[in-house]
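Biologist: I am new to this structure and would like to learn how to read its features. Could we take them one at a time?

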Amino acid sequence: AERGRTAPSTTGWKVSLPAGGPSPSENARLRPASTVACAASSASTGAARSPSTDVGETSRADSMRPVTHSAASGVWLWAAAQLALPMGIVAAGLVAASSRLLTPMGIAPEIIRQARPFLYSMACGVPAQTAFVAMRVFLQGTHRVRILAFAMLSANMVNAAANYALIYGHWGMPALGATGSGIATTLARFYMMGVLLVYVARCNRREGWQLGSYARRFYRERIVRILRLGAPVAAQIALEVGVFSATTLIAGRLGAVAVSGHQIALIMASLTFMVPLGVAQATSVRVGNAIGRRDAEAARLSGWSGIALSASFMSCSAVALWTLRLPIVHIFTRDPRVARVGVSLLAIAAVFQFFDGVQVTSIGAVRGSGNTRIAMLTDFGGWWLVGLPLGAWACFACGWGGRGVGIGLCRGSIHSLLQLPVP
């Protein structure tokens, strides 16, 4: 999951408590902590994503037909693993240390007392998340994606069950509240890593991949290439995570009701965003495959097909969000104050859908061609030079509140999309 709006995904950072439970103030309590944690961890998983294009290219360069594995792919896997471990540890330290930022941010002391153990428990899962991403891009590049869907869907069930048990103290478990939520996410991340480890080990044994033979060397050149390709990817993800984190903090200055309404809109936008995000990753691999076999027409067709698919889905989701705003908000809360805010923000999110889906899929197509810098530059211009300043101005100077923030994000996404090169 990408961005700071990956609430529905186990791999995301946002915390959503069930409807009918906590009040708006309780529901908003973990927002600053999860926002800071998301910004602190995005770089490591972002850099680990970069080998997908190279795995796709190398697994196609050796043959004109689809292949499932090659020596070069195994080398990329071990190079990514050698990089992912230290990066995951460093990122975990950053997440834990980010708890010290809550006081300078002006967060209330009673919130900090809950947020710190939450962040410490979340930090423990970052190395597992980084390792999962490294294995995921390897499997994507070798056309093995069903296991990824199984791992993530089942991990969501593990996460939900652990949240139910550890937040509220069911099934004989202690009621840990916010800390229980962090522990649940960490357990889900280790579960996902374990699923892929078992799958890769079984494939290695059954199909004679001989991955162990590649573990005897330190792949410095490959790691340098991963960093060269991955640094812009990490920066681009950090820019997007940062801007959504900043909007959450802006909403926090408007009060607990505004934060809760903002959270509902962000969760729904995140849920629909998962589909074009998956299409973008598939498009990146398909474009990389075509470039690996030097088929420019197929690369172009793959790019446009992915963009068309995302545009179609997000158009449908935009209609659904617009027409079903109130029923969607009532899934999360019956508080009339939060409902009013959530309904108004879902209307903006509906408009936001189309441009957001096309933008992320276009980035995937460009990234598949090996150009990872352009997305970083367009995101910086769209989100930070246009979207965030416009949103803050509309929020405070114009008095539009959370709607101003949403309008700024919508305009930033459009600007970023228009700056991307046409495939």
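Biologist: Is Asp295 buried, exposed or partly exposed?

Modeller: Two notes come before that. This is a predicted model, in which local features need pLDDT of at least 70 and side-chain atom pairs count only at pLDDT 80 or more, while totals for chains, interfaces and linings use all residues. Residues are numbered from 1 along each chain as its sequence is written, and side-chain values use heavy atoms, with hydrogens and water left out. As for the term, buried means under 20% relative accessible area, exposed over 50%, and partly exposed in between (1.4 Å probe, protein chains only). Asp295 has 29% relative accessibility, so it counts as partly exposed.

Biologist: Which residue forms a salt bridge with Asp295?

Modeller: Side chains of opposite charge can pair when their charged atoms come close. A salt bridge here is a side-chain nitrogen of Lys or Arg within 4 Å of a carboxyl oxygen of Asp or Glu. Asp295 forms one with Arg293, with 3.9 Å between the closest N and O atoms. Arg293 is partly exposed, at 22% relative accessible area.

Biologist: How many salt bridges does a search of the whole structure find?

Modeller: The search finds three. One of them joins Arg300 to Glu297, with the closest N and O atoms 3.0 Å apart. Both residues lie in helix H11, three residues apart, which is about one turn of the helix. Helices (H or I, at least four residues) and strands (E, at least two) are DSSP runs, numbered from the N terminus. Glu297 is exposed at 52%, and Arg300 is partly exposed at 39%. Arg337 and Asp335 also meet in a salt bridge, at 3.0 Å from N to O. Arg337 is partly exposed, with a relative accessible area of 43%, whereas Asp335 is buried, at 17%.

Biologist: Which residues of helix H12 are buried?

Modeller: In H12, residues 325–332, they are Ile328, Val329 and Phe332. Seen down the helix axis, they fall within an arc of 95°, so they line one face of H12. That arc is taken from the directions from the helix axis to the C-beta atoms. Their cover includes helix H10 (256–292), helix H11 (296–323) and helix H13 (336–368).

Biologist: What is Val75 in contact with, beyond its neighbours within four places in sequence?

Modeller: Contact means heavy atoms within 4.5 Å. By that rule Val75 is in contact with Tyr214, Tyr219 and Arg222. Val75 and Tyr219 are 144 residues apart in sequence, yet 7.7 Å apart in space, C-alpha to C-alpha. Val75 lies in helix H4 (residues 71–97) and is buried, with a relative accessible area of 12%.

Biologist: Which residues touch the most other members of the largest nonpolar core?

Modeller: In soluble globular proteins, nonpolar side chains tend to be buried together. A nonpolar core is a set of buried Ala, Val, Leu, Ile, Met, Phe, Trp, Tyr and Cys residues joined through side-chain atoms within 4.5 Å. The largest has 31 residues, of which Phe132, Leu139, Ile147, Leu196, Trp209, Leu211 and Ile226 touch the most other members. Elements that give two or more residues to this core are H4, helix H6 (126–141), H7, helix H8 (178–207) and helix H9 (220–252). H4 gives the largest share, eight residues. Another core, of 14 residues, lies apart from this one, with Ile264, Ile267, Phe332 and Leu345 among them.
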